[in-house]
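Here is a short briefing to read beside your model.

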Amino acid sequence: MVSVGRQIGRGDGIEVGGEVDPDRSIVARMAGGDAEALGELYGRYRRPLFSYLLLLTPDRGLAEEILQDTLVAVWRGAGRFEGRASVRGWLFGVARRQAHNAVRRRVLPRAEEGALATVAADEPGPEAVALAAAERAELTAAIGALAPLQREVLVLAVGHGLSYAELADVLGVPMGTVKSRLSNARRALQERLASRDGGR
Amino acid sequence: MTMGGSGHVEEVLPAYVNGTLAPAEADGVRRHVGACASCAAALEGWRAVAVAARVLIAETPAPSAAVWAGAASRIAAEAALSGAVVAGGGSGDRLRLAWSLLVGQVPLIRRGLWAASALTMLLGSVVAIGLVGGTGSGMLLALVAPVVAAVGVAFVYGAENDPSLELALATPTLPSLVLVARLTLVFGWNLGLALAATVALAAVEGGVGLWPLVALWLGPMLFLSALTLVLSLVVGGGVARLAAMGLWAVRLVALSDPGRGLAPRVDAELVGGFWQATPLLVALAGVLLAVALVWVPRQERFVAR
C-alpha cells in the first residue's frame, strides 16, 4: 500500500518550501472583513473555478450565477475557514456545493453516480501507443465525453493540480475512492480512444 | 514503495504528474518508472491527459464582469444589514458598512446619469442666473430641479437599467436595501446639485434667503421623484419618465396660464397650490417611498423563481 504524502504545493517542480501560502493570508484578511482580499482571491481563481463550473453545467449563465454564489459563500465562510484544508480545495469544494444547490433549485438533471460506466478490469493495450496516435484535440474531446464524475476527478487532478487530499475534500469521498475513480476515469478514457482508433 | 507489481506506482501517477506527491515518494516513482516499462507508459499517458486537461481549462472563456459586480453588491448589502441588526456593532462600523454598500452600487448605476443630471442642472442655473435674473430666476430653478431628479430616479432600479441586477437577485438577497442604496446615491446627487445651484443663485442675487429658494423646489422634487420611482417599479422606467415629464408639463402650463382653467377638469390654481404645499408633498413622497420598499421584494420574489 502506497501512502499518500503531504501535499507540497502546486505545479510540477515549483519550490514552495518555507514560503507562506499567499492564499492563506488572503483568507485571513477576508475573515477580518477586507472585501479587497476577496477580489484578490477572485482574481487568482476566477478562471479555474469558472472552468470547473462549466464542467458541472454546460449552461454558461447558470455557471456564472453559481460562481457568484460561490463568491458570496466564500466571503461568508472565510471566518470559519479551517487551516487544515487548502484554500484551493476549500474554494473548489464550495463551488461544487453551490453548483449542486443551484442544480437542485432549478430541477435540472445532474451527474448521477449511476451514470458511471462500469469499466472492465481486463488488461488494456499499451497506452503509449494509443496516446501517441491520439491528437490532443481528440484527447480533449474524449475527456469531454467521459461520465461526469470521472471527467470531474480527472480534470481536477491533472488539470487543476489538486492533491488526493484536496480531491477527497472537494468531492466529499474517501481518498481510496478518489484513487479508484481516477484510475477508472483513466481506463475509460483509454477505451474511448482505443475504440475510436479501431473505428477508423 | 513497492517496486514489484505494475499497479502500485500507477495509483500515484496523477499526483506525481501534478506535483503534489511528497518528494521522497516522487523519487520512488522516478526510480520505479526508470525500470518498469508498463509504469513508464502509464506515466506518459497521464502526462498527455494532463496536457489535454490544462488545454481544456485554458480554453475556458473568462466569466463576465457582472459576476463580480453582483457578488460585491450582495456582500455589501449583507454587511450593511448585519451591521444594522447586530446590536453590539459600533456606530462607526455601521457607517463604514453603509458606506461600502453605497460604494458597491456606484458601478452598477448607469454612468451617463451623473453627467446628464449635472449638465441639465448647470444649464438651468446658468439660464436662471444669467438670463432671467430677479425673482423669476428662483422659479426657473424650481422648475428644472424636480424634473431632473425625477427622471434620474427612474434609472435607479430594474432589469432594463442594470443587466447584472437579475444575476444579483437570483438568490435570496435584500432588494429593498439595494434600492435604498441606489436611491440615496442618485437622489442625493441631484439634491446636492440643486442645493449648489440654489446657493449660487442666492449669492448672485443677494438679499434672498436660502430657505425660501429651497422651499420652491424641495417638496416637488421629493414628491415627483417618489412618484417616478413607484411608477418605474410598477410599469417600467420609460413610462415613469414620460409620466413625470407629463405631470410637470401640466404644472408649467398651469403656471403660464393662470386665472383660466386649462381644460374643464384642470384648475390652474389647484395645480399651482398643490405643488407649493411642501408638507403635503413631503408626506406623499414618504408614502410612495414606503410603497416602493414593500413592492420591490415582492416583485423580485416573482421574478426570481
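A search of the whole predicted structure finds zero disulfides over all chains, a disulfide being a pair of cysteine sulfur atoms within 2.5 Å. B:Cys36 is in no disulfide, and its nearest cysteine sulfur, that of B:Cys39, is 3.8 Å away.

**Cysteines**
- Seen from B:Cys39, the closest cysteine sulfur is the one in B:Cys36, and 3.8 Å is too far for a bond.
- B:Cys36 counts as buried because its relative accessibility is 15%; buried means under 20% relative accessible area (1.4 Å probe, protein chains only).
- B:Cys39 is also buried, at 0%.

**Where chain A meets chain B**
- Contact (heavy atoms within 4.5 Å) links 52 residues of chain A with 49 residues of chain B.
- About 4500 Å² is buried between the two chains, with carbon and sulfur atoms giving 65%; this is the accessible area (1.4 Å probe) lost on putting the two parts together, summed over both.
- The count of salt bridges between chain A and chain B is one, where a side-chain nitrogen of Lys or Arg must lie within 4 Å of a carboxyl oxygen of Asp or Glu.
- A:Asp69 and B:Arg74 form a salt bridge through their side chains, at 3.1 Å from N to O.

**How to read the numbers**
- Residues are numbered from 1 along each chain as its sequence is written, and chains are lettered from A and ligands numbered from 1 in the order written.
- In this predicted model, local features need pLDDT of at least 70 and side-chain atom pairs pLDDT 80 or more, while totals for chains, interfaces and linings use all residues; side-chain values use heavy atoms, leaving out hydrogens and water.

Definitions and conventions: Buried means under 20% relative accessible area, exposed over 50%, partly exposed in between (1.4 Å probe, protein chains only).
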